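Colleague: I would like to learn how to read this model. Where should we begin?

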Amino acid sequence: MRFFRRRSSPLKVALAVVIFLFILQKDAGNRDPGEEPWLKNMVQGRGQVLDMMLGAVHNLRDSMPKLQIRAPAPQDAAPPAHPAAALPRRCIDQKFKRCPPLPTTSVVIVFHNEAWSTLLRTVYSVLHSSPALLLREVILVDDASTDEYLKEELDRYVEQLQIVRVVRQRERKGLITARLLGASVATGDVLTFLDAHCECFHGWLEPLLSRIAEEPTAVVSPDIATIDLNTFEFSRPVQNGKQHSRGNFDWSLTFGWELVPARERQRRKDETFPIKSPTFAGGLFAISRSYFQHIGSYDDQMEIWGGENVEMSFRVWQCGGQVEIVPCSVVGHVFRSKSPHSFPKGTQVISRNLVRLAEVWMDAYKHIFYRRNQQAAQLCR
Ligand SMILES: [Mn+2]
(Lines give C-alpha, C1' and ligand atoms only; values in the text may rest on other atoms or scores of the structure.)
Protein backbone atom coordinates (compact mmCIF):
# COMPACT_ATOMS: atom_id res chain seq x y z
CA MET A 1 0.00 0.00 0.00
CA ARG A 2 2.87 2.29 0.69
CA PHE A 3 3.98 1.85 -2.91
CA PHE A 4 0.63 3.13 -4.19
CA ARG A 5 0.31 5.87 -1.63
CA ARG A 6 3.62 7.34 -2.48
CA ARG A 7 3.57 7.09 -6.25
CA SER A 8 0.00 6.59 -7.22
CA SER A 9 0.05 8.75 -10.37
CA PRO A 10 -2.71 7.74 -12.87
CA LEU A 11 -0.17 6.51 -15.38
CA LYS A 12 1.44 4.19 -12.80
CA VAL A 13 -1.96 2.75 -11.90
CA ALA A 14 -2.74 2.23 -15.58
CA LEU A 15 0.59 0.49 -16.06
CA ALA A 16 -0.03 -1.85 -13.10
CA VAL A 17 -3.49 -2.82 -14.41
CA VAL A 18 -2.11 -3.46 -17.91
CA ILE A 19 0.61 -5.76 -16.44
CA PHE A 20 -2.05 -7.53 -14.38
CA LEU A 21 -4.20 -8.07 -17.48
CA PHE A 22 -1.16 -9.32 -19.41
CA ILE A 23 -0.49 -11.96 -16.74
CA LEU A 24 -4.16 -12.83 -16.66
CA GLN A 25 -4.18 -13.33 -20.45
CA LYS A 26 -1.10 -15.55 -20.27
CA ASP A 27 -2.70 -17.66 -17.56
CA ALA A 28 -5.94 -17.90 -19.45
CA GLY A 29 -4.07 -19.08 -22.53
CA ASN A 30 -2.52 -21.93 -20.59
CA ARG A 31 -5.72 -23.24 -19.13
CA ASP A 32 -9.01 -24.22 -20.57
CA PRO A 33 -11.33 -21.38 -19.61
CA GLY A 34 -14.29 -23.78 -19.74
CA GLU A 35 -13.05 -25.47 -16.61
CA GLU A 36 -13.34 -22.46 -14.34
CA PRO A 37 -16.33 -20.08 -15.01
CA TRP A 38 -15.05 -17.21 -12.85
CA LEU A 39 -11.89 -17.16 -14.93
CA LYS A 40 -13.91 -17.34 -18.17
CA ASN A 41 -15.90 -14.22 -17.20
CA MET A 42 -12.77 -12.34 -16.39
CA VAL A 43 -11.14 -13.24 -19.69
CA GLN A 44 -14.21 -12.10 -21.64
CA GLY A 45 -14.25 -8.83 -19.72
CA ARG A 46 -10.57 -8.09 -20.28
CA GLY A 47 -11.23 -6.47 -23.67
CA GLN A 48 -13.68 -4.07 -22.03
CA VAL A 49 -11.25 -3.28 -19.22
CA LEU A 50 -8.47 -2.62 -21.74
CA ASP A 51 -10.74 -0.18 -23.66
CA MET A 52 -11.58 1.61 -20.43
CA MET A 53 -7.90 1.98 -19.61
CA LEU A 54 -7.03 3.36 -23.06
CA GLY A 55 -9.92 5.83 -22.77
CA ALA A 56 -8.54 7.00 -19.44
CA VAL A 57 -5.10 7.54 -20.99
CA HIS A 58 -6.66 9.58 -23.85
CA ASN A 59 -8.63 11.70 -21.42
CA LEU A 60 -5.46 12.38 -19.54
CA ARG A 61 -3.72 13.50 -22.74
CA ASP A 62 -6.62 15.73 -23.77
CA SER A 63 -6.54 17.49 -20.42
CA MET A 64 -3.04 18.83 -21.15
CA PRO A 65 -2.85 22.44 -22.42
CA LYS A 66 -2.92 22.66 -26.24
CA LEU A 67 0.19 23.97 -27.91
CA GLN A 68 -1.55 24.84 -31.18
CA ILE A 69 -4.82 26.29 -32.34
CA ARG A 70 -6.33 24.23 -35.11
CA ALA A 71 -8.48 25.40 -38.01
CA PRO A 72 -12.21 25.41 -37.35
CA ALA A 73 -14.08 22.45 -38.81
CA PRO A 74 -15.31 23.45 -42.29
CA GLN A 75 -19.05 24.12 -42.33
CA ASP A 76 -19.60 23.97 -46.07
CA ALA A 77 -19.04 21.22 -48.59
CA ALA A 78 -16.04 22.83 -50.37
CA PRO A 79 -13.46 20.14 -51.14
CA PRO A 80 -10.08 20.62 -49.47
CA ALA A 81 -7.29 22.03 -51.69
CA HIS A 82 -4.98 19.41 -53.13
CA PRO A 83 -1.74 19.37 -51.11
CA ALA A 84 0.32 19.49 -54.31
CA ALA A 85 -1.41 22.70 -55.56
CA ALA A 86 0.99 24.72 -57.68
CA LEU A 87 2.61 27.90 -56.36
CA PRO A 88 1.74 30.67 -56.54
CA ARG A 89 -1.87 29.79 -55.90
CA ARG A 90 -4.49 31.72 -57.74
CA CYS A 91 -5.90 34.47 -55.53
CA ILE A 92 -9.13 33.55 -53.85
CA ASP A 93 -11.58 36.23 -54.87
CA GLN A 94 -13.98 36.73 -51.97
CA LYS A 95 -16.87 38.82 -53.12
CA PHE A 96 -19.00 40.32 -50.40
CA LYS A 97 -21.27 43.27 -51.05
CA ARG A 98 -19.88 45.14 -48.05
CA CYS A 99 -16.29 44.30 -48.90
CA PRO A 100 -15.76 45.00 -52.61
CA PRO A 101 -12.27 44.39 -54.03
CA LEU A 102 -10.23 47.58 -54.43
CA PRO A 103 -9.79 48.92 -57.97
CA THR A 104 -6.37 49.63 -59.47
CA THR A 105 -5.26 53.19 -60.12
CA SER A 106 -3.15 55.25 -62.48
CA VAL A 107 -1.57 58.26 -60.79
CA VAL A 108 -1.46 61.24 -63.17
CA ILE A 109 0.93 64.08 -62.28
CA VAL A 110 1.04 67.19 -64.47
CA PHE A 111 4.12 69.41 -64.27
CA HIS A 112 5.32 72.62 -65.83
CA ASN A 113 8.89 73.67 -64.98
CA GLU A 114 8.59 71.90 -61.63
CA ALA A 115 11.75 71.63 -59.51
CA TRP A 116 13.48 68.26 -59.93
CA SER A 117 13.45 67.63 -56.17
CA THR A 118 9.75 68.27 -55.56
CA LEU A 119 8.71 66.34 -58.68
CA LEU A 120 10.78 63.29 -57.76
CA ARG A 121 9.74 63.55 -54.13
CA THR A 122 6.12 63.28 -55.30
CA VAL A 123 6.90 60.28 -57.50
CA TYR A 124 8.91 58.42 -54.84
CA SER A 125 6.32 59.07 -52.15
CA VAL A 126 3.69 57.49 -54.41
CA LEU A 127 5.93 54.47 -55.09
CA HIS A 128 6.83 54.03 -51.42
CA SER A 129 3.33 54.32 -50.04
CA SER A 130 1.11 52.57 -52.61
CA PRO A 131 0.57 48.78 -52.65
CA ALA A 132 2.04 47.41 -55.89
CA LEU A 133 -1.16 45.46 -56.58
CA LEU A 134 -3.19 48.68 -56.68
CA LEU A 135 -0.74 51.00 -58.43
CA ARG A 136 -0.96 50.35 -62.17
CA GLU A 137 1.34 53.18 -63.24
CA VAL A 138 2.50 56.72 -62.60
CA ILE A 139 2.05 59.01 -65.59
CA LEU A 140 3.99 62.27 -65.60
CA VAL A 141 2.51 64.76 -68.03
CA ASP A 142 4.81 67.54 -69.14
CA ASP A 143 2.92 70.70 -70.00
CA ALA A 144 5.65 72.00 -72.35
CA SER A 145 8.30 72.67 -69.70
CA THR A 146 11.30 74.70 -70.86
CA ASP A 147 13.76 73.63 -68.14
CA GLU A 148 16.40 71.35 -69.72
CA TYR A 149 16.59 68.81 -66.87
CA LEU A 150 12.91 67.93 -67.40
CA LYS A 151 13.60 66.61 -70.91
CA GLU A 152 15.84 63.60 -71.81
CA GLU A 153 17.37 63.55 -68.35
CA LEU A 154 13.97 62.95 -66.77
CA ASP A 155 13.10 60.30 -69.37
CA ARG A 156 16.30 58.41 -68.60
CA TYR A 157 15.81 58.73 -64.87
CA VAL A 158 12.26 57.39 -64.69
CA GLU A 159 13.06 54.49 -67.02
CA GLN A 160 14.67 52.68 -64.06
CA LEU A 161 11.49 53.13 -62.03
CA GLN A 162 9.68 50.89 -64.54
CA ILE A 163 6.06 51.82 -63.84
CA VAL A 164 6.72 55.55 -64.26
CA ARG A 165 6.46 57.12 -67.69
CA VAL A 166 6.51 60.61 -69.14
CA VAL A 167 4.10 61.85 -71.80
CA ARG A 168 4.53 65.28 -73.27
CA GLN A 169 2.29 68.07 -74.38
CA ARG A 170 4.52 69.98 -76.84
CA GLU A 171 2.58 73.22 -76.76
CA ARG A 172 1.77 74.96 -73.47
CA LYS A 173 -1.96 74.43 -73.11
CA GLY A 174 -2.37 74.09 -69.40
CA LEU A 175 -3.48 71.77 -66.68
CA ILE A 176 -6.76 70.60 -68.13
CA THR A 177 -5.60 69.32 -71.51
CA ALA A 178 -2.48 67.88 -69.86
CA ARG A 179 -4.64 65.91 -67.44
CA LEU A 180 -6.82 64.77 -70.32
CA LEU A 181 -3.70 63.59 -72.15
CA GLY A 182 -2.64 61.65 -69.05
CA ALA A 183 -6.13 60.16 -68.66
CA SER A 184 -6.17 59.09 -72.32
CA VAL A 185 -3.15 56.79 -71.84
CA ALA A 186 -4.08 55.60 -68.33
CA THR A 187 -5.14 51.98 -67.87
CA GLY A 188 -6.06 51.80 -64.16
CA ASP A 189 -9.68 51.56 -63.00
CA VAL A 190 -9.34 54.83 -61.09
CA LEU A 191 -7.59 58.05 -62.11
CA THR A 192 -5.73 59.68 -59.24
CA PHE A 193 -4.59 63.22 -60.04
CA LEU A 194 -1.81 64.75 -57.97
CA ASP A 195 0.03 68.05 -58.17
CA ALA A 196 3.77 67.78 -58.86
CA HIS A 197 4.74 68.99 -55.36
CA CYS A 198 3.03 66.50 -53.06
CA GLU A 199 4.07 63.88 -50.56
CA CYS A 200 1.81 60.91 -49.94
CA PHE A 201 1.40 59.83 -46.34
CA HIS A 202 1.47 56.12 -45.50
CA GLY A 203 -1.90 54.49 -46.24
CA TRP A 204 -3.15 57.42 -48.32
CA LEU A 205 -4.36 55.40 -51.32
CA GLU A 206 -6.54 52.61 -49.95
CA PRO A 207 -9.20 54.84 -48.31
CA LEU A 208 -9.69 56.73 -51.59
CA LEU A 209 -10.01 53.54 -53.65
CA SER A 210 -12.21 51.94 -51.01
CA ARG A 211 -14.70 54.83 -51.12
CA ILE A 212 -14.85 54.65 -54.93
CA ALA A 213 -15.37 50.86 -54.76
CA GLU A 214 -18.26 51.50 -52.39
CA GLU A 215 -19.68 54.48 -54.33
CA PRO A 216 -18.43 54.73 -57.94
CA THR A 217 -19.88 58.23 -58.40
CA ALA A 218 -17.86 59.63 -55.48
CA VAL A 219 -15.06 61.98 -56.49
CA VAL A 220 -12.74 61.92 -53.53
CA SER A 221 -9.97 64.14 -52.23
CA PRO A 222 -7.55 63.31 -49.43
CA ASP A 223 -7.17 65.42 -46.34
CA ILE A 224 -4.50 67.84 -47.58
CA ALA A 225 -1.70 68.45 -45.10
CA THR A 226 0.58 71.46 -45.48
CA ILE A 227 4.23 71.07 -46.42
CA ASP A 228 6.04 74.22 -45.43
CA LEU A 229 7.14 76.21 -48.44
CA ASN A 230 10.54 77.07 -46.97
CA THR A 231 11.48 74.25 -44.59
CA PHE A 232 9.53 71.40 -46.23
CA GLU A 233 8.29 70.45 -42.80
CA PHE A 234 5.28 68.13 -43.03
CA SER A 235 2.49 69.05 -40.63
CA ARG A 236 1.12 65.70 -39.59
CA PRO A 237 -2.65 65.60 -39.29
CA VAL A 238 -4.23 65.90 -35.87
CA GLN A 239 -5.98 62.64 -34.98
CA ASN A 240 -8.54 63.72 -32.44
CA GLY A 241 -10.88 66.64 -32.30
CA LYS A 242 -9.76 67.96 -35.64
CA GLN A 243 -11.86 70.69 -37.21
CA HIS A 244 -12.04 69.73 -40.87
CA SER A 245 -12.31 72.19 -43.72
CA ARG A 246 -14.14 71.72 -46.99
CA GLY A 247 -14.35 73.60 -50.27
CA ASN A 248 -16.89 76.27 -51.14
CA PHE A 249 -17.21 79.07 -53.73
CA ASP A 250 -18.40 82.65 -53.85
CA TRP A 251 -20.35 84.52 -56.55
CA SER A 252 -17.16 85.48 -58.35
CA LEU A 253 -16.68 81.68 -58.63
CA THR A 254 -13.55 81.77 -56.55
CA PHE A 255 -12.74 78.65 -54.58
CA GLY A 256 -12.36 78.95 -50.79
CA TRP A 257 -12.15 76.88 -47.61
CA GLU A 258 -14.76 76.79 -44.85
CA LEU A 259 -15.06 74.83 -41.61
CA VAL A 260 -17.41 71.87 -41.98
CA PRO A 261 -20.78 73.26 -40.88
CA ALA A 262 -22.82 71.80 -38.00
CA ARG A 263 -25.35 70.01 -40.21
CA GLU A 264 -22.64 68.07 -42.06
CA ARG A 265 -20.86 67.31 -38.79
CA GLN A 266 -24.08 65.78 -37.45
CA ARG A 267 -24.59 63.69 -40.58
CA ARG A 268 -21.19 62.07 -40.25
CA LYS A 269 -21.29 58.95 -38.08
CA ASP A 270 -17.64 59.06 -37.00
CA GLU A 271 -14.29 60.71 -37.74
CA THR A 272 -13.60 58.41 -40.70
CA PHE A 273 -16.85 59.31 -42.50
CA PRO A 274 -16.44 61.09 -45.89
CA ILE A 275 -17.16 64.84 -45.77
CA LYS A 276 -19.47 66.12 -48.49
CA SER A 277 -17.90 69.19 -50.06
CA PRO A 278 -19.58 71.72 -52.40
CA THR A 279 -16.33 72.17 -54.36
CA PHE A 280 -12.81 70.81 -54.23
CA ALA A 281 -9.38 72.40 -54.53
CA GLY A 282 -8.85 70.17 -57.55
CA GLY A 283 -5.13 69.50 -57.32
CA LEU A 284 -5.42 66.13 -55.59
CA PHE A 285 -8.31 63.77 -56.19
CA ALA A 286 -9.34 60.32 -57.36
CA ILE A 287 -12.20 59.46 -59.69
CA SER A 288 -13.38 56.24 -61.30
CA ARG A 289 -12.05 56.29 -64.88
CA SER A 290 -15.38 55.16 -66.33
CA TYR A 291 -17.29 57.73 -64.24
CA PHE A 292 -14.85 60.41 -65.44
CA GLN A 293 -15.73 59.46 -69.02
CA HIS A 294 -19.44 59.20 -68.17
CA ILE A 295 -19.63 62.82 -66.97
CA GLY A 296 -17.74 64.05 -70.04
CA SER A 297 -14.34 64.46 -68.31
CA TYR A 298 -13.03 68.06 -68.21
CA ASP A 299 -14.08 70.93 -70.43
CA ASP A 300 -11.26 70.54 -72.96
CA GLN A 301 -11.66 74.13 -74.16
CA MET A 302 -10.56 75.54 -70.81
CA GLU A 303 -7.04 76.91 -71.03
CA ILE A 304 -3.96 77.02 -68.80
CA TRP A 305 -5.41 77.18 -65.29
CA GLY A 306 -8.30 78.60 -63.29
CA GLY A 307 -11.91 77.66 -62.67
CA GLU A 308 -11.48 74.02 -63.69
CA ASN A 309 -11.83 72.79 -60.11
CA VAL A 310 -15.12 74.62 -59.57
CA GLU A 311 -16.29 73.49 -63.02
CA MET A 312 -15.53 69.85 -62.16
CA SER A 313 -17.30 70.23 -58.80
CA PHE A 314 -20.47 71.64 -60.42
CA ARG A 315 -20.31 68.96 -63.09
CA VAL A 316 -20.05 66.13 -60.57
CA TRP A 317 -22.88 67.35 -58.32
CA GLN A 318 -25.20 68.13 -61.24
CA CYS A 319 -24.51 64.74 -62.86
CA GLY A 320 -25.61 62.89 -59.74
CA GLY A 321 -22.20 62.32 -58.19
CA GLN A 322 -20.67 63.68 -55.03
CA VAL A 323 -17.52 65.56 -54.17
CA GLU A 324 -16.07 64.31 -50.92
CA ILE A 325 -13.04 64.59 -48.66
CA VAL A 326 -11.93 61.28 -47.17
CA PRO A 327 -10.20 62.11 -43.86
CA CYS A 328 -8.46 58.71 -43.60
CA SER A 329 -6.35 59.61 -46.62
CA VAL A 330 -3.60 62.16 -45.99
CA VAL A 331 -1.42 63.77 -48.65
CA GLY A 332 0.95 66.66 -48.10
CA HIS A 333 1.05 69.57 -50.53
CA VAL A 334 3.35 72.56 -50.86
CA PHE A 335 1.07 75.61 -50.89
CA ARG A 336 2.85 78.43 -52.65
CA SER A 337 2.47 82.07 -51.81
CA LYS A 338 2.17 83.21 -55.41
CA SER A 339 0.89 81.54 -58.55
CA PRO A 340 3.56 79.39 -60.19
CA HIS A 341 1.70 79.56 -63.49
CA SER A 342 2.67 81.71 -66.41
CA PHE A 343 -0.15 82.85 -68.64
CA PRO A 344 1.12 83.02 -72.22
CA LYS A 345 -2.09 84.71 -73.39
CA GLY A 346 -2.63 86.78 -70.24
CA THR A 347 -4.81 86.20 -67.17
CA GLN A 348 -7.92 86.84 -69.21
CA VAL A 349 -8.03 83.07 -69.81
CA ILE A 350 -9.25 82.69 -66.21
CA SER A 351 -12.31 84.84 -66.90
CA ARG A 352 -12.83 82.98 -70.14
CA ASN A 353 -12.76 79.65 -68.28
CA LEU A 354 -15.25 81.01 -65.74
CA VAL A 355 -17.62 82.13 -68.49
CA ARG A 356 -17.62 78.60 -69.87
CA LEU A 357 -18.38 77.30 -66.38
CA ALA A 358 -21.22 79.79 -65.83
CA GLU A 359 -22.80 79.25 -69.23
CA VAL A 360 -22.81 75.47 -68.95
CA TRP A 361 -23.77 74.85 -65.33
CA MET A 362 -25.39 77.90 -63.75
CA ASP A 363 -28.59 78.65 -65.70
CA ALA A 364 -29.97 82.05 -64.59
CA TYR A 365 -27.60 82.23 -61.60
CA LYS A 366 -24.88 83.15 -64.09
CA HIS A 367 -26.16 86.76 -64.03
CA ILE A 368 -25.11 87.11 -60.40
CA PHE A 369 -21.61 86.09 -61.46
CA TYR A 370 -21.58 88.53 -64.44
CA ARG A 371 -22.53 91.38 -62.11
CA ARG A 372 -19.41 90.54 -60.09
CA ASN A 373 -17.02 90.03 -63.01
CA GLN A 374 -17.21 92.74 -65.65
CA GLN A 375 -14.50 91.18 -67.79
CA ALA A 376 -16.51 87.95 -67.92
CA ALA A 377 -19.70 89.89 -68.69
CA GLN A 378 -18.00 91.50 -71.70
CA LEU A 379 -16.48 88.19 -72.85
CA CYS A 380 -19.83 86.44 -73.02
CA ARG A 381 -21.32 89.06 -75.34
MN1 LIG B 1 -0.34 72.75 -56.14
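Modeller: With a working rule: two residues are in contact if their C-beta atoms, placed from the backbone, lie within 7 Å. Keep in mind that the model is predicted.

Colleague: What includes the cover over the buried residues of helix 11?

Modeller: Helix 10 (308–318), helix 12 (366–372) and helix 13 (374–379) are included in that cover. The buried residues themselves are I350, S351, R352, N353, L354, V355, R356, L357 and A358.

Colleague: How do residues along a helix face relate to each other?

Modeller: An α-helix has 3.6 residues a turn, so residues three or four places apart point the same way.

Colleague: What span should helix 11 have, at 1.5 Å a residue?

Modeller: The expected span is 1.5 Å times one less than the number of residues. Helix 11 covers residues 348–361, 14 residues, so it should span 20 Å. Its end C-alpha atoms are 20 Å apart, which agrees. Just after helix 11, D363 takes a positive phi of about 45°.

Colleague: Now the whole chain. How many helices and strands does it have?

Modeller: The protein chain has 13 helices and eleven strands. Buried residues make up 31% of its 381 residues. Take contacts between residues at least 6 apart in sequence: 79% of them join residues at least 24 apart.

Colleague: Let us turn to a strand. Is strand 4 mostly covered or mostly open?

Modeller: Mostly covered: five of its five residues are buried. Check both faces. V190, T192 and L194 point one way, L191 and F193 the other, and all are buried.

Colleague: Which strands pair with strand 4?

Modeller: Strand 1 pairs with it in the parallel sense, over five bridges. Strand 10 runs antiparallel to strand 4, with four bridges joining the two. Follow T192, which sits in strand 4 (residues 190–194). V107 stands opposite T192. In strand 10, the bridge partner of T192 is A286.

Colleague: Why does T192 count as buried?

Modeller: The cut-off is 20 or more other C-beta atoms within 10 Å. T192 has 29, so it is buried. Leaving aside neighbours within four places in sequence, T192 is in contact with T105, V107, V108, L208 and A286. T192 and I109 are 83 residues apart in sequence, yet 8.5 Å apart in space, C-alpha to C-alpha.

Colleague: Which residues touch the most other members of the largest nonpolar core?

Modeller: V108, I109 and L191, in a core of 54 residues. Not counting residues up to four places away in sequence, I109 touches T122, V138, L140, V141, L194 and A196. A second, separate core of eleven residues includes V310, I350, V355 and A358.

Colleague: What does helix 7 pack against?

Modeller: Its buried residues pack against strand 1 (105–111), helix 4 (116–129), strand 4, strand 6 (218–227), strand 10 (285–288) and strand 11 (322–334). In helix 7 (residues 205–214), the buried residues are L205, P207, L208, L209, R211 and I212.

Notes
Residues numbered from 1 in each chain as written. Predicted model: local features only at pLDDT ≥ 70, side-chain atom pairs only at ≥ 80, totals over all residues. Buried ≥ 20, exposed ≤ 12 C-beta atoms within 10 Å, placed from the backbone. Core = buried A, V, L, I, M, F, W, Y, C linked by C-beta atoms within 7 Å. Pairing = 2+ DSSP bridges.
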